[in-house]
Amino acid sequence: MYCKNCGNPMDPNASVCVKCGCAANNGGNFCANCGQPVAPGAVFCTSCGASMTPVAPAEAKSKMVAGLLGILVGALGVHNFYLGYTSKAVVQLLLTVLSCGVLGAVSSIWGLVEGIMILTGNIKTDGKGNPLKD
């Protein structure tokens, strides 16, 4: 990784360039992939072909949708499937289905509590670590 402001090599985990002090991924004078100078407003680096425009972040999941799914159909783990917590969702689903609904009350309370936690902000991220939108 290279500083986009000065072209100096950077550690991929660094938050600022040690040479120029610019924040990581700020600037547009150099390619972050190869460190070569690029023309202002360039879409691709002419040296290595890397895209100069940042990749759009993943669409954020809705906190309201996740919370309501947890409250309404939490026994089936739908809210955890929505947020990407697949393992936890499968456990909730199997707990309800394989017990023929006998343990559905336990799973329903579990979903209700998680739904409330999502809506109050105690659960703030999805399964990939992306923040939930309001």
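Is Ser 99 buried or exposed? Ser 99 is buried, at 17% relative accessible area. Buried means under 20% relative accessible area, exposed over 50%, and partly exposed in between, with a 1.4 Å probe and protein chains only.

## Basis of the model

This is a predicted model: local features need pLDDT of at least 70, side-chain atom pairs count only at pLDDT 80 or more, and totals for chains, interfaces and linings use all residues. Residues are numbered from 1 along each chain as its sequence is written, and side-chain values use heavy atoms, with hydrogens and water left out.

## Overall form

The protein has four helices and zero strands. From the N terminus, the elements run α-α-α-α. Helices (H or I, at least four residues) and strands (E, at least two) are DSSP runs, numbered from the N terminus.

The radius of gyration is 22 Å, whereas a compact globule of 134 residues would have one near 14 Å. That radius is taken over C-alpha atoms, and the globule rule is 2.2 Å times the number of residues to the power 0.38. Along the principal axes, the C-alpha atoms fill a box of roughly 65 × 25 × 25 Å.

Of the 134 residues, 30% count as buried. The protein exposes about 8,100 Å², and carbon and sulfur atoms supply 64% of that area. Accessible areas come from the Shrake-Rupley method with a 1.4 Å probe; for residues, only the protein chains shown count as cover. Among contacts with a separation of 6 or more, 34% join residues 24 or more positions apart. Contact means heavy atoms within 4.5 Å.

## The loop at Ser 99

Ser 99 sits in the loop between α3 (86–98) and α4 (104–120). Its side chain reaches the backbone nitrogen of Leu 103 at 3.0 Å. A polar contact is a pair of N or O atoms within 3.5 Å; within protein, one must be able to donate a hydrogen and the other to accept it, and residues adjacent in sequence count only if both atoms are side-chain atoms. Leaving aside neighbours within four places in sequence, Ser 99 is in contact with Leu 94 and Gly 104.

## Salt bridges

The structure holds three salt bridges. Each is a side-chain nitrogen of Lys or Arg within 4 Å of a carboxyl oxygen of Asp or Glu.

Glu 59 and Lys 133 meet through their side chains at 3.5 Å, N to O. The pair links distant parts of the chain, 74 residues apart: Glu 59 is in the segment before α1 (63–73), Lys 133 in the segment after α4. Glu 59 is exposed at 61% relative accessibility. Lys 133 is partly exposed at 38%. Asp 134 forms a salt bridge with Lys 63, with the closest N and O atoms 3.2 Å apart. Asp 134 lies in the segment after α4 and Lys 63 in helix α1, so this bridge ties together parts that are 71 residues apart in sequence. Asp 134 is exposed, at 75%.

Glu 114 and Lys 88 also pair through their side chains, at 3.0 Å, N to O. Glu 114 belongs to helix α4 and Lys 88 to helix α3, so the bridge ties together parts 26 residues apart in sequence. Glu 114 is buried, with a relative accessible area of 8%. Lys 88 counts as partly exposed, at 29%.

## Asn 80 in helix α2

Asn 80 lies in helix α2 (residues 78–83). This residue is buried, at 2% relative accessible area. Not counting residues up to four places away in sequence, Asn 80 touches Tyr 85, Thr 86, Lys 88, Ala 89, Gln 92 and Glu 114. Lys 88 and Glu 114 are the partners in the 3.0 Å salt bridge.

## Cysteines and the segment before α1

The structure holds zero disulfides. A disulfide is a pair of cysteine sulfur atoms within 2.5 Å. Cys 17 is in none; its nearest cysteine sulfur, that of Cys 6, is 3.6 Å away. Cys 17 is buried, at 2% relative accessible area.

Lys 19 is placed in the segment before α1. Lys 19 is exposed, at 60% relative accessibility. Beyond its neighbours within four places in sequence, Lys 19 is in contact with Cys 6 and Asn 8. Lys 19 and Asn 8 are 11 residues apart in sequence and 6.9 Å apart in space, C-alpha to C-alpha.
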